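Here is a short briefing for a reader new to this structure. Take a look at the model first, then go through the points by topic.

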Amino acid sequence: MMLPEFAGFFENAAQQRLAFPYCRRCANFHWYPMPRCPQCRSRDIIWRSIEGRGELVSFSHVMHAFDKSRSDALPYVVALVKFADAPGVNLITNIDAPAMDTLQVGDSVVPVFRTDDGEQPMVEFRLA
Ligand SMILES: [Zn+2]
């Protein structure tokens, strides 16, 4: 189920764009979506798309399925990614890595958009 405040993220992802909430009053990005800017309290917030290239801040290899529906996805990588053109955004996401032990903090990653018919678009990242 998609929370309504995330609709802008997925509408942009359906168009192969990565976008985050951006305050037009103080010119800052923030994440997660909030009704008011966490910097200046303004409600003048738009979804602003970015180039998409990010940097791996941290990551973890998930070897155990906490939710049985994800058992067939094991092992997978959960990561924290930041963006030079969206300072202040730290996105928790998955990394589609061919060999998990090739990842290093500081690696450059790019988004991969998956849009199956009728499904919520999915965004994950791969090494650039
Ligand atoms: Zn602001």
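**Strands, zinc and a pocket**

Cys23 stands opposite Asn28 in strand S2. The model is predicted. Cys23 is also one of the residues that coordinate the zinc ion.

**Strand S1 and its partners**

- Strand S1 covers residues 18-23 and is mostly covered, with six of its six residues buried.
- S1 pairs with strand S2, residues 28-29, in the antiparallel sense. Two bridges join S1 and S2.
- S1 and S2 form a hairpin, and four residues lie between them.
- Ala27 sits in the turn of this hairpin and has a positive phi of about 60 degrees.
- S1 also pairs with strand S3, residues 45-50, again in the antiparallel sense. This pairing runs over six bridges.

**The zinc site**

- Which residues coordinate the zinc ion? They are Cys23, Cys26, Cys37 and Cys40, each through its SG atom, at 2.3 Å.
- Along the chain, the donors follow the spacing C-x2-C-x10-C-x2-C.
- The site is tetrahedral, with angles of 103 to 116 degrees among the four donor atoms.
- Is Cys23 buried or exposed? Cys23 counts as buried because its relative accessibility is 0%, and the cut-off for buried is under 20%.
- Cys26 has a relative accessible area of 25%, so Cys26 is partly exposed. That class lies between the buried cut-off of under 20% and the exposed cut-off of over 50%.

**The largest pocket**

- How much space lies in the largest pocket? The volume is about 440 Å³.
- The pocket is lined by 15 residues. Phe9, Phe10, Ile92, Thr93 and Val123 are the closest to its centre.
- Which element gives the most to the lining of the largest pocket? Strand S6 does, with four residues.
- By class, the lining of the largest pocket holds 11 nonpolar residues, three polar residues and one charged residue.

Methods: Residues numbered from 1 in each chain as written. Predicted model: local features only at pLDDT ≥ 70, side-chain atom pairs only at ≥ 80, totals over all residues. Heavy atoms only, no water. Donors = N, O, S within 2.8 Å, 3.2 Å for Na, K, Ca; no water. Tetrahedral: all angles 85-135°; square planar, octahedral: opposite > 155°, others 65-115°. Buried < 20%, exposed > 50% of the residue type's maximum accessible area, 1.4 Å probe, protein only. Pairing = 2+ DSSP bridges. 1 Å grid on protein atoms, 1.4 Å probe; cavity = no way out; pocket = protein on both sides within 12 Å on 5 of 7 lines; lining within 4 Å. Points joined across faces, edges and corners; volume = space filled by probe spheres on them. Nonpolar A, V, L, I, M, F, W, Y, C, P; charged D, E, K, R; others polar.
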